[in-house]
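User: I would like to learn how to read this structure step by step. Could we go through it feature by feature, with the general idea stated before each case?

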Amino acid sequence: ESQLVKELARQEKLVIATGGGMVINPVNAALLRQNGVFVYLVADPAVIYRRVKHKEDRPLLSQAKDRQEQIKKLFAARKEIYENLAGFRVDTGQNTPEKAVELIIAYLQDKGELQYFHNNRPRAGRMPTLPLEDVLVDLGNNSYHIYIGQGILKQLVNYLQKLALEADQKIFLITNPTVKNLYGREIAAAHLTGNYQVIWGEIPDREEAKSLSEAARLYDLAFAHRVERRTPVVALGGGVVGDLAGFVAATYLRGLPFVQIPTTLLAQVDSSIGGKVAVNHPRGKNIIGSFYQPKLVLIDITVLNSLDRRELVAGLAEVIKYGVIADAEFFSWLEENLLKVLALEPQALIHVISTSCRIKAGVVQKDEKEEGLRAILNFGHTIGHALEALTEYRIYRHGEAVAIGMAAAASLAVHTGLLAAGEATRLKKLLEQAGLPTVLPSSISGEDLILAMQRDKKVQAGEIAFVLPVKIGQVEIKRDIPVKWRELIIKACQI
Ligand SMILES: NC(=O)c1ccc[n+]([C@@H]2O[C@H](COP(=O)([O-])OP(=O)(O)OC[C@H]3O[C@@H](n4cnc5c(N)ncnc54)[C@H](O)[C@@H]3O)[C@@H](O)[C@H]2O)c1
C-alpha cells in the first residue's frame, strides 16, 4: 500500500479514493499531503451502517459480532485523525452525490487547485456565475417573469415562495423518465429539505403523450393526491411535457398555477412562453387546447449540456427565425457567434435565449391570442407544418421542418420580388452552418405540399397564409396568395 502511495503521490491530476484505513498510517498521509488536497467524506455511523450492513468485503466489519458497535468504535477512534488531515469535509449522508461534488469543486476552485476554462484559457479561482437575465412578459393581470441563468433549477422553492405559490406545500411535478433521471432528483431534494411534497406526474417520453388519455391519467393522479386550487403544476421537460402539463393546469379545477421549467432549447426559446397549451387529436396536432399563461418560467442553461445535439440544433431554427422576423442585429450576431452557441458557451447561450424570449414576449404582448401580429411567429411554419404532416412526424424534428420552410419562404419572397436574393442566401447559409436542412426531399412533390398546406388548421377560408421576409429583421403576412403563385411555391420549395 505504502509503495503504491509513493508512486501515486508524485503524479498530478489524480483523484485518489483512499478508503478509511490508508491514511491512518502517518507515512502514507505525509506522502499524500506533499502534493495533494484531502477531502473528508463523512457520514453518520448510522448512515454508514445502512450502507455496509450486507457487505462482506469489509475486513474490519465482517468479523465483528455487532457491526453497528464496531462502526461506532472505528468512527470514534479515527474521527480526530481524519479531521486533522482534511482541509474540507462533506457530509455524504446529508448531501446528494451531485451536491457533494458541487461543494468539493467549489472548495477546490476557492483554493486555486482547480482551474476552469474561459475562452479556451485556464483561469484560477471559482468559475463566475453569470448574472441572471429577467424577461418580463407584460400581459396585465397575466404578466409573468422569465428568469434565465445557470443552476437556477435548484432554486425553484425560493421562486415559488417569492410568488406565494407554495401555499399548500405541495407541487405537482410533471415530467418524463428521461428528464426525471437527469434533473428530477435535484428538484425533489430541494423540495424535501423545504418540507414540500412532490407529486410526480410521469408521462411517456414521446409526442403521443400529448393526448386526452394521458391528461385523464394526470387528473386521476391529481385527485388521488388531493391537488388543490393553489397547488402549482410544474412542467419539467421539453415542449411535449410543457404543452400537456399546461393543458392539465388550465383545466383541472378550472385552472391551477402553472410553472414552466423548459429543458430543451426549443422549449426555452419558444414553447414555454406565450401560453399555448394543448393535446393532440388523432386527426391533428394541438387541436384541443387553450391559451393559459404560466406564472413563472425558469430557464436553466446548464440542462442543455445533456441535450442531444440534434435537439439543440432543431431549437436553433426557432432562434434564427426570431432574427429574421424581428431583429437584424441579432441575426448578424448569430452569423458571427454561432460556433459559440453550438459549443454551449454560457454567455452565448444566455444571450441567445434571453434575446429570443424578449422577441417572443414582445409579439405575444401585442397579440396574446393570435388574432393578428402573432402570426409572424409562424415564419417557416406554413411549409414546415405541411412537411411534418406529409412525413407523419417521423422524419423531421419540428425545427428541421421549419428550417426547410424558412428557406423556401425566403426563396418565394425572392421570386415574388419582395426580398433581395442576397438576404435569402444569408439565411440559407446560417441555417446550414447550424447544421439544419434547407432543401425539401425529392420524394415530396410540390403539389402534395400545397394540398397538405390547405389542410392545415391555420388555413382561413381556404387561403394559405404565408409569412414572407422583406428584409432580414422584417416580415409581412400574406393571406391572399393568388393561384398563380402556386407555381412559384412549388419552384421555391425545389430550390
Ligand atoms: N406551446 C407552444 O407554443 C409550442 C411551440 C412549439 C412547439 N410546441 C410543441 O413542443 C413539442 C416539441 O418539443 P421539444 O422539441 O422540446 O421535444 P420533446 O419535448 O419531445 O423533447 C425532445 C427530447 O429531448 C429530451 N430532453 C428534454 N430535455 C432534455 C435535457 N435537458 N437533456 C436530455 N434530454 C432532454 C426529451 O425527453 C425528448 O426525448 C411538440 O409537441 C410541439 O407541438 C409547442
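**Domains, ligand, pockets and cavity**

Analyst: The C-alpha centres of domain 1 and domain 3 lie 58 Å apart, where the domain bounds come from an automatic or database domain assignment. That assignment gives domain 1 (2-123), domain 2 (133-306) and domain 3 (352-493). This is a predicted model, in which local features need pLDDT of at least 70, side-chain atom pairs count only at pLDDT 80 or more, and totals for chains, interfaces and linings use all residues. Residues are numbered from 1 along each chain as its sequence is written, and side-chain values use heavy atoms, with hydrogens and water left out.

User: Which residues are the closest to the ligand, and how many surround it?

Analyst: A residue is near a molecule or strand if one of its heavy atoms lies within 4 Å of it. Here 26 residues surround the ligand, and the closest are Glu207, Gly239, Thr263, Thr264 and Ser306. By class, this shell divides into 7 nonpolar, 9 polar and 10 charged residues; Ala, Val, Leu, Ile, Met, Phe, Trp, Tyr, Cys and Pro count as nonpolar, Asp, Glu, Lys and Arg as charged, and the others, Gly among them, as polar.

User: Which helices and strands each supply at least two residues of that shell?

Analyst: Helices (H or I, at least four residues) and strands (E, at least two) are DSSP runs, numbered from the N terminus. Helix H9 (177-193), helix H11 (239-251), helix H12 (265-271) and strand E12 (284-291) each supply at least two residues of the shell around the ligand, and the largest share, 4 residues, comes from H9.

User: Which polar side-chain atom lies 3.0 Å from a nitrogen atom of the ligand?

Analyst: A polar contact is a pair of N or O atoms within 3.5 Å; within protein, one must be able to donate a hydrogen and the other to accept it, and residues adjacent in sequence count only if both atoms are side-chain atoms. An oxygen atom of the ligand is 2.7 Å from an N or O atom in the side chain of Glu207, and an oxygen atom of the ligand is 2.8 Å from a polar backbone atom of Gly239. The atom you ask about belongs to Asp243, whose polar side-chain atom lies 3.0 Å from a nitrogen atom of the ligand.

User: How should I read the volume of the second largest pocket?

Analyst: On a 1 Å grid over the protein atoms alone, a cavity is a set of points where a 1.4 Å probe fits but cannot get out, and a pocket is an open set with protein on both sides within 12 Å along at least five of seven lines; lining residues have an atom within 4 Å of a point. Grid points are joined across faces, edges and corners, and a volume is the space filled by probe spheres set on the points. The second largest pocket has a volume of about 2100 Å³, and of the 49 residues that line it, the closest to its centre are Ile16, Ala17, Thr18, Val39 and Leu41. Its lining has 31 nonpolar, 10 polar and 8 charged residues, and H6 gives the largest share, 6 residues.

User: How many cavities of 30 Å³ or more are there?

Analyst: The count comes to 1 cavity of 30 Å³ or more, and about 40 Å³ of space lies in the largest cavity. Its lining divides into 7 nonpolar, no polar and 2 charged residues, and H18 gives the most, with 3 residues.
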